[in-house]
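Subject: Handover of a structure

Dear colleague,

Please find below the structure that I am passing on to you. I would be grateful if you could look it over before reading the notes that come after it.

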Amino acid sequence: MDIVLLQRDNPMAGATATAVRDAYHAPALTTAANLGTAFLDVARERANHPAVETKACAFSYDWMLRAADCVRRQLCARPGHAAGARVVLQLANSPEYLAAFYGALLADCIVVPLPVALEASRREKIHELCGPDVLISRAEDFGAQRTDAAIATLRLPADNGGEIALAAPRRQGRDVAMLLFTSGSTGTPKGVMLSHRNLLANADSILRALPISADDRALVVLPFCHAFGNSILQTHILTGATLLLHGALTFPGSIVETLGEFRATSFSAVPEVYGMVLKYGRLGERPLQTLRYMAVAGGELRHDLATQIADRIAPAHFYMMYGQCEATARLALLPPKELRRRRGSIGKPIPGVELAVRDEADRELTPGAVGMLCARGENVMLGYWDSPAATADVLRDDGWLQTGDLAHRDEDGYFYLHGRANLLVKVQGHRVHPGEIEGMVEAGFPQTHAVAIPVAREEGTRFILFLAPRDGRAVDVAQIRATCQRELPSYKLPLHFEVLDALPLTSGFKVDRAALSLLVPRITRPVA
Amino acid sequence: MTPDRHQLEADLLEFVRARGERHAAVTSLTDLIESGLLDSLLLVDLILHIEESCGLRFESDDINPSNFRNMSAIVNLVLGQLSVPRR
């Protein structure tokens with residue numbers, strides 16, 4: 001594996017793009033065959049418009065096109081370069097991320113975006129699974145990782161200011177464009193294979209459902225390596241709009257201030273962010289003049305919080321959305337005017353997507369009946385990378401994808417969720433299987449039995465780790481806690497570690513997770 | 001009953017240091033924001049921990065970068081809240 005670290009200067013002030021309000025219309029995505037060339041088409045048309053704005057400066061579509069071409073040439077110049085090579089991105093949201101993403105597609109590679117802060121063991125497992133040819137990062141994102149690979153530095157964008165020969169990539173349609181790693185129903189990482197068509201079709205569906213236009217300015221807090229973040233990226237870039245990247249925005253108040261200060265027209269986030277913004281963000285105290293809408297996806301937002309957001313941002317609209325990465329990103333949308341009437345609904349399928357509630361024999365259920373929520377459309381993944389068995393578990397021959405979510409449909413065709421059919425949990429938009437935490441602990445402490453139980457709090461879902469000895473020897477909580485702190489990203493880190501003499505078992509002698517859940521309130525609520 | 005400053009600081013330091021390897025070396029003056037140690041998840045958990053253990057409720061104005069810059073600032077915030085009765 002080669003490593004390429006990207007470097008850039010900020011574009012000169014004179015080259016700062018200015019927004020032009022022209023009658024620009026995005027290209028027809030229904031006929032496009034390659035996501036990279038769709039980007040090129042937009043970038044040429046929107047050359048002087050900002051594609052990305054950071055606090056320091058603007059990066060025009062022309063800059064982005066040159067930077068992407070720079071990456072493309074670097075990749076194509078590798079000895080033995082072949083179509084379908086895997087390019088891992090270890091990049092935080094940045095102009096470099098976009099350059100690397102589209103550059104890799106233009107070089108006929110498969111992009112594998114991974115979170116910058118991924119636990120080492122999981123990163124290794126993913127590398128083992130997909131065998132990356134190249135890793136693209138930046139010095140600040142790569143950090144002090146140990147490696148014996150050759151490290152090259154690539155300066156963006158190309159220094160020649162002249163015309164660039166536009167690439168003509170060969171991969172298209174149903175060829176894999178990207179791998180999105182997520183947790184499968186057993187907790188091991190699975191690479192969701194998304195084709196060029198998947199990504200283009202879902203972007204097209206979202207653009208028909210949401211009012212995204214070429215003069216939009218989306219404030220981004222979601223990581224681009226996440227399905228929801230990736231869909232924000234693709235929909236805005238393919239429209240010729242602007243992504244605002246203004247750092248971490250840890251404080252709820254700074255999100256609201258930044259929306260106003262940088263004249264953002266839209267904002268999308270996971271439910272936990274909205275909870276904080278409502279509680280501490282002073283949302284609605286001052287009107288956000290330029291805001292057109294906000295959207296939530298990546299987990300369930302409580303109905304009362306959703307209506308509060310809608311009230312505070314009016315006349316801007318609030319969209320509840322539902323999706324999953326096996327279906328590229330988003331599947332359903334609740335129109336703002338239905339928010340109060342359809343309490344708790346995830347809405348109806350967006351254009352180009354079919355949803356159905358089916359039973360175990362794959363028969364569609366009647367309205368009101370709870371069953372497996374299934375989805376079909378051009379956005380449904382090709383399958384899991386190198387895992388035909390896991391693919392067959394969720395993807396039927398007739399094209400229907402089992403989402404793993406239980407749901408019912410009402411008489412008018414609106415869908416409502418009823419929890420998961422398996423143990424997967426959403427934490428800040430990340431899909432986490434308790435087995436990821438349990439497996440990590442039990443690998444290091446084989447004499448200890450570990451069970452992670454999700455706890456739903458108003459601030460979002462987190463885990464409690466129950467520990468019990470397997471062979472009567474004392475459980476080393478301090479060591480286990482230290483290992484979790486070292487190995488796990490913060491959203492997986494258990495809030496509490498609770499030692500039991502033995503784990504409760506069901507009549508089938510399996511760990512009784514329901515019984516453990518009942519112990520949770522005693523542990524988390526301190527005695528007043 | 002206002003808790004002892006040292007005791008409160010020790011408790012909050014322990015809470016933050018338990019977040020991971022990078023957090024283990026946090027001291028009362030470590031800049032949590034510049035260092036990138038304070039992410040939105042830690043902020044939520046810290047707020048909840050303080051509210052539960054000290055029996056107080058923060059308001060929008062309290063949750064800002066200057067109050068959460070370092071542990072010393074957070075301790076000042078908490079002690080200030082505990083000494084001034086609120087509605």
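Predicted model: local features only at pLDDT ≥ 70, side-chain atom pairs only at ≥ 80, totals over all residues.

Chain B contains three helices and zero strands, and its pattern along the sequence reads α-α-α. For 87 residues the globule rule gives 12 Å, and the radius of gyration of chain B is 12 Å, so this chain is as compact as a globular protein of that length. Taken along the principal axes, the box filled by the C-alpha atoms of chain B is roughly 40 × 25 × 20 Å. Of the 87 residues in chain B, 25% are buried. Among the contacts in chain B with a separation of 6 or more, 62% are between residues 24 or more positions apart.

As to the contact between the chains, chain B contributes 18 residues and chain A contributes 17 residues. The side of chain B that touches chain A is made up of nine nonpolar, five polar and four charged residues.

In chain A, helix H2 covers residues 61–76. Its 16 residues should span 22 Å at 1.5 Å a residue, and the C-alpha atoms at the ends of helix H2 of chain A are 22 Å apart, so the two values agree. Is this helix mostly covered or mostly exposed? H2(A) is mostly covered, with 13 of its 16 residues buried.

With kind regards

Definitions and conventions:
Residues numbered from 1 in each chain as written. Chains lettered and ligands numbered in written order. Helix = DSSP H or I, 4+ residues; strand = E, 2+ residues; numbered from the N terminus. Rg over C-alpha atoms; globule rule 2.2 N^0.38 Å. Buried ≥ 20, exposed ≤ 12 C-beta atoms within 10 Å, placed from the backbone. Contact = placed C-beta atoms within 7 Å. Nonpolar A, V, L, I, M, F, W, Y, C, P; charged D, E, K, R; others polar. Expected span 1.5 Å × (residues − 1).
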